[in-house]
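Here are my notes on this model. Please read them with the structure open.

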Amino acid sequence: MRADHDDIAEVLVRYATGIDRRDWGLFRTCFADDVVADYGDAGRWDSAEALTAFMVDAHAGMGHTMHRLSNLAITVDGDRATSRTYVDAVLMAPDGGSGLNPIGYYDDVLVRTEQGWRIQRRTFTSVHFQVLD
C-alpha cells in the first residue's frame, strides 16, 4: 500500500532529522520500545531509551551533522515491513573544520503500532569511513 510506504519513508527521514536537529524526542518516536539496534563497532542497544541515550551522548560534543538518506527500498507485509536505506553522514566537530564521514546502509524491520510505524530492528553496515581534516 502506497500510504504505508510513505509513512515508513517519513519514519526514516524523521530519524535523520531528529539527530541533525538534536531533537531527541522526535528521534525517539522512530523506534519501538524494544528495538534491537546494532551499529557494528559503535555498539548494540536493546531498547529505544538506551539507543537514544547513546545518541544524545555521542552527538553532544559535535558541531553540525547531516545524515543524507537515499535508495529507500521498502517492502510491506501487513503490519510488518523491511527496508534498506543508504546513509551518507557528515559529522562535524564544533570548529567546522574536521569531522567524520560514515557511509553505509541501514537494514530495518518495522512494525505498525498504535502510534504508527516504528523501527523494531536495525542493523547498520559500514561501507566506508573517513576522517575529515
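**Notes on the fold and the pocket**

1. Start with a hairpin: S5 and S6 are joined through two residues. Strands here are DSSP runs (E, at least two residues), helices likewise (H or I, at least four), and both are numbered from the N terminus. Strand S5 covers 99-113 and strand S6 covers 116-132. The two run antiparallel, with 15 bridges between them. Val109 has Arg121 in S6 as its bridge partner. Tyr106 is partnered by Phe124, also in S6.

2. The basis of these notes is a predicted model, in which local features need pLDDT of at least 70, side-chain atom pairs count only at pLDDT 80 or more, and totals for chains, interfaces and linings use all residues. Residues are numbered from 1 along each chain as its sequence is written, and side-chain values use heavy atoms, with hydrogens and water left out.

3. What is the order of the strands in the sheet? It reads S2-S1-S6-S5-S4-S3, six strands in an open sheet with mixed pairing. Two strands count as paired if DSSP finds at least two bridges between them. Strand S2 (44-45) and strand S3 (65-77) stand at the edges with a single partner each, so one side of each has no neighbour in the sheet.

4. S3 and strand S4 (residues 80-92) run antiparallel and are joined by 11 bridges. Leu69 has Val87 in S4 as its bridge partner. S4 and S5 are also antiparallel, again with 11 bridges. There, Leu91 stands opposite Leu100 in S5. The S4-S5 hairpin has six residues between its strands, and Gly96 in the turn has a positive phi of about 70°.

5. Now the other end of the sheet. S1 pairs with S6 in the parallel sense, over four bridges. Phe31 has Ile119 in S6 as its bridge partner, and Val36 has Arg121. S1 and S2 run antiparallel, joined by two bridges. Ala37 stands opposite Trp45 in S2. The S1-S2 hairpin has five residues between the strands, and Gly40 in it takes a positive phi near 60°.

6. Which strands does helix H1 lie across? Helix H1 (residues 2-21) lies across strand S1 (31-38), S3, S4, S5 and S6, running at about 160° to S3. Helix H3 (residues 48-60) packs on the sheet and touches S1, S2, S3 and S4; its direction makes about 60° with that of S1. Contact means heavy atoms within 4.5 Å. Axes are lines fitted to C-alpha atoms, for helices over the stretch in contact, with angles from 0 to 180 degrees between N-to-C directions.

7. The whole structure has 10 salt bridges (a side-chain nitrogen of Lys or Arg within 4 Å of a carboxyl oxygen of Asp or Glu). One of them pairs Arg112 with Asp4 at 2.9 Å, N to O. Arg112 is in S5 and Asp4 in H1, so the pair ties together parts 108 residues apart in sequence.

8. Last, the largest pocket. Its volume is about 450 Å³. A pocket is an open set of points on a 1 Å grid over the protein atoms alone, where a 1.4 Å probe fits, with protein on both sides within 12 Å along at least five of seven lines; lining residues have an atom within 4 Å of a point. The volume is the space filled by probe spheres set on the points, which are joined across faces, edges and corners. The lining has 21 residues, and Tyr39, Ala42, Leu91, Pro102 and Phe124 lie nearest the centre. H1, H3, S4, S5 and S6 each give two or more residues to the lining. H3 gives the largest share, four residues.
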